[in-house]
Amino acid sequence: MADNKSYTIVEYFGGNSGYQCGYCKNSTGNFSHGMWSHTMTVQDYQDLIDRGWRRSGKYVYKPILNKTCCPQYTIRCRALKFQPTKSHKKVLKKMSKFLSSGDLPKDEGNKGLYTHVSRVGADPNKPPCRKAKDIRKERRLQKDQKRQSSDGIAPTTKTPPSGPSLSIQAKSLEDFINESLSDSAAHGLEVRLVPVNYEDPQFSASYEQSASLYKRYQMTIHGDGPEECNESEFRRFLCDSPLEAEYSDEGPEVGYGSFHQQYWLDGRIVAVGVIDILPSCVSSVYLYYDPNFAALSLGSYSALREIAFTRQLQKQSPKLCYYYLGFYIHSCPKMRYKGQYRPSDLLCPETFSWVAIERCAPKLDLTRYSRFNQDPDAGDARLLRDLGRAQVLYRRTVMPYAVYSRKRKGSSDEAEVKQYASLVGQDCAERILLYRS
């Protein structure tokens with residue numbers, strides 16, 4: 001798929017020192033391996049995230065799951081089989097109501113999909129609540145029985161169906177989304193896909209507005225200081241990407257690479273979802289939004305839109321059928337919401353195979369780190385077997401590590417290179433160029 005002249009070039013930094021965890025605030029409990037990516041092909045990044053790596057700007061890192069305080073497991077949703085839950089439908093209907101009526105939900109604050117609401121129990125002295133559709137079915141049945149009795153026909157007793165009629169299909173995710181996009185709505189919502197490219201006219205025209213929105217979001221929602229979310233930080237974190245834009249006859253029309261999915265409400269940006277479009281998935285990088293619209297649960301709404309977008313791309317590129325939500329952190333309750341987009345799988349940290357989250361959660365209830373693959377004989381299919389075949393970039397020349405190690409003078413770096421190659425796997429080690437000074 002990728003042009004033969006395209007290469008991934010990285011510098012490996014190891015991962016021996018602990019640093020502060022952003023979840024439990026342990027000052028030295030977060031451990032990860034890291035490397036700086038000067039440039040990267042989309043296929044190489046696809047293979048890396050399927051081994052537990054993830055990017056932040058051009059920095060690509062892999063948490064050391066059996067050592068770090070809050071293990072972060074790669075999670076993906078099987079987008080084609082996704083059906084919105086009751087909570088998801090509530091988010092979609094809330095957006096639909098806002099767009100049609102023009103009024104923001106009241107008393108919602110910053111409630112998200114995973115916020116717990118305490119409720120008073122039902123009054124035991126009153127009959128249980130019944131759904132209106134069940135009451136209507138019972139009334140129709142009573143009318144039929146009464147009509148049959150008046151005609152001299154022995155009434156037949158029918159049990160109302162417990163489930164939906166076979167002729168009625170449940171609404172799809174796309175149905176809920178399209179309902180909110182009426183031409184007669186009070187507000188107009190438009191989603192624009194903009195490539196992260198400073199030469200792209202849409203990206204450059206909206207850059208200042210997008211950077212300003214990011215700063216307002218970080219300061220209001222996350223409590224960052226102005227220097228922590230200035231324009232240079234915005235550029236480093238969400239605009240600088242190592243991914244090269246690529247196009248393929250078998251791929252989606254928009255191509256592969258890094259994009260900003262901008263949500264325009266009545267002519268201004270209210271949210272931006274940063275995503276990577278890769279050969280097998282849409283990978284969510286980050287979302288930021290206008291805090292004034294926090295009541296609309298834009299984090300959940302954008303995730304649902306990105307799942308629908310993945311399904312749209314799959315029609316053009318059959319292999320592209322997964323939605324990656326980043327990392328799932330079972331030990332951090334506020335991060336468990338990612339497991340609600342089902343069916344979803346977690347990546348086994350030892351075999352790098354995918355396992356349904358329903359099978360993983362009981363293991364994580366018992367211990368923070370777990371091997372998910374239950375087959376004791378299963379191993380890493382891309383295990384490093386021949387370090388000498390790993391590719392390095394030395395003095396502007398590409399060569400196998402076996403050749404480089406003979407040319408190089410000074411102390412051996414074999415232990416470091418072997419650690420790197422083991423983490424990326426044999427296939428990536430033979431394609432990715434490891435920079436050596």
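Student: Buried means under 20% relative accessible area, exposed over 50% and partly exposed in between (1.4 Å probe, protein chains only). How many residues of α1 are buried?

Tutor: Seven of its eight, and that leaves α1 mostly covered. They are V42, D44, Y45, Q46, D47, L48 and I49. Keep in mind that this is a predicted model, where local features need pLDDT of at least 70, side-chain atom pairs count only at pLDDT 80 or more, and totals for chains, interfaces and linings use all residues. Residues are numbered from 1 along each chain as its sequence is written, and side-chain values use heavy atoms, without hydrogens and water.

Student: Let's zoom in on D44. Where is D44 found?

Tutor: In helix α1, which covers residues 42-49. Helices (H or I, at least four residues) and strands (E, at least two) are DSSP runs, numbered from the N terminus.

Student: And why does D44 count as buried?

Tutor: Because its relative accessibility is 3%.

Student: What does D44 touch?

Tutor: T8, C428, R431 and I432, leaving out residues up to four places away in sequence. Contact means heavy atoms within 4.5 Å.

Student: Step back a bit. How many helices and strands are in the chain?

Tutor: Ten helices and 15 strands. The chain has 437 residues, and 47% of them are buried. Take the contacts with a separation of 6 or more: residues 24 or more positions apart account for 67% of those.

Student: What about the largest nonpolar core? Which residues have the most contacts inside it?

Tutor: M35, Y286, Y288 and Y420. That core has 100 residues. A nonpolar core is a set of buried Ala, Val, Leu, Ile, Met, Phe, Trp, Tyr and Cys residues joined through side-chain atoms within 4.5 Å.

Student: Which helix gives the largest share of this core?

Tutor: Helix α7, residues 298-314. It contributes eight residues.

Student: Y288 was on your list. What does Y288 touch?

Tutor: Quite a list. It includes S210, L213, Y214 and Y217. F234, L238 and H260 are also among the residues Y288 touches, as are A271, V272 and V274. Sequence neighbours up to four places away are not counted. Another core lies apart from the largest one. That other core has six residues, among them C21, C69, C70 and C332.

Student: Helix packing next. At what angle do α5 and α6 cross?

Tutor: Roughly 110 degrees. Their axes come within 10 Å. Here α5 is residues 201-221 and α6 is residues 231-239. Axes are lines fitted to C-alpha atoms, for helices over the stretch in contact, and angles run from 0 to 180 degrees between N-to-C directions.

Student: Which residues meet there?

Tutor: From α5, F203, Y207, S210, A211 and Y214. From α6, E231, F234, R235, F237, L238 and C239. The two helices are therefore roughly perpendicular to each other. Angles under 35 degrees count as roughly parallel, over 145 as roughly antiparallel, 65 to 115 as roughly perpendicular and the rest as oblique.

Student: And how do α2 and α7 cross?

Tutor: At roughly 100 degrees, with axes that come within 10 Å. That makes α2, too, roughly perpendicular to α7. Helix α2 is residues 86-101. Its H88, V91, L92 and M95 meet L298, S300, Y301 and L304 in α7.

Student: Now the backbone. Which peptide bond is cis?

Tutor: The one from R342 to P343, with omega near 5 degrees. P343 sits in the loop between β10 (322-328) and β11 (344-347). Most peptide bonds are trans, and most residues other than glycine have a negative phi.

Student: What is the phi of K25?

Tutor: About 70 degrees, which is positive, although K25 is not a glycine. K25 is in the loop between β1 (9-14) and β2 (32-39). F352 also has a positive phi, near 60 degrees. Its loop runs between β11 and β12 (354-356).

Student: Is each of those two buried or exposed?

Tutor: K25 counts as exposed, at 55% relative accessibility. F352 counts as buried, at 17%.

Student: Last one. Where is E253 found?

Tutor: In the loop between α6 and β7 (257-265). E253 is exposed, with a relative accessible area of 68%. Beyond its neighbours within four places in sequence, E253 is in contact with Y247 and Q316. The C-alpha atoms of E253 and L313 are separated by 8.3 Å, though the two are 60 residues apart along the chain.
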